[in-house]
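User: I have a model open and want to go through it with you. Can you take some quick questions?

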Amino acid sequence: MNHEELDQVYTGMAQTLTRVGEPRASLLLSILGLSLLSRQPDAASALALLAQAESACLGEDAVANYPAPTPACPT
């Protein structure tokens with residue numbers, strides 16, 4: 001996914017969160033997160049993504065830095 005596509009997805013996610021509203025935002029993110037984690041090749045990869053997201057949330061700058069996709073790991 002290039003920068004423009006990532007921006008489109010971010011905008012779509014923001015719009016979706018607005019539509020479902022704050023009371024259901026956690027549920028939507030949980031459903032989406034589990035769906036995306038289930039696409040990982042194994043539990044270790046999914047757990048690594050969870051750890052990375054947790055670290056990003058707890059850090060001072062709270063920004064996720066995910067590596068660029070590769071043919072072996074397209075997402």
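User: At the start of α1, which backbone nitrogen does a side-chain oxygen of N2 reach?
Analyst: That of E4: the N2 side-chain oxygen comes to within 3.1 Å of the E4 backbone nitrogen. Keep in mind that this is a predicted model.

User: How many residues does α1 have, and what does it span?
Analyst: Helix α1 covers residues 3–20, which is 18 residues. From first C-alpha to last it reaches 26 Å, close to the 26 Å expected at 1.5 Å a residue.

User: What share of the chain counts as buried?
Analyst: 7% of its 75 residues. The accessible surface of the chain is about 6,400 Å², with 62% of that belonging to carbon and sulfur atoms.

User: Which residues form the nonpolar patch on the surface?
Analyst: Y10, M13, L29, L32 and L36, with about 470 Å² of accessible area together.

User: Which helix supplies the largest share of it?
Analyst: Helix α2, with 3 residues. Both α1 and α2, the latter spanning 22–37, supply at least two residues each.

User: Take L36 in α2. Why does it count as partly exposed?
Analyst: Because its relative accessibility is 45%, and partly exposed means between the 20% limit for buried and the 50% limit for exposed.

Methods
Residues are numbered from 1 along each chain as its sequence is written. This is a predicted model: local features need pLDDT of at least 70, side-chain atom pairs count only at pLDDT 80 or more; totals for chains, interfaces and linings use all residues. Side-chain values use heavy atoms; hydrogens and water are left out. Helices (H or I, at least four residues) and strands (E, at least two) are DSSP runs, numbered from the N terminus. The expected span of a helix is 1.5 Å times one less than its number of residues. A polar contact is a pair of N or O atoms within 3.5 Å; within protein, one must be able to donate a hydrogen and the other to accept it, and residues adjacent in sequence count only if both atoms are side-chain atoms. Patches are made of residues with over 30% relative accessible area and no salt bridge: like charges are joined within 9 Å, nonpolar side chains (Val, Leu, Ile, Met, Phe, Trp, Tyr) within 5 Å. Accessible areas come from the Shrake-Rupley method with a 1.4 Å probe; for residues, only the protein chains shown count as cover. A salt bridge is a side-chain nitrogen of Lys or Arg within 4 Å of a carboxyl oxygen of Asp or Glu. Buried means under 20% relative accessible area, exposed over 50%, partly exposed in between (1.4 Å probe, protein chains only).
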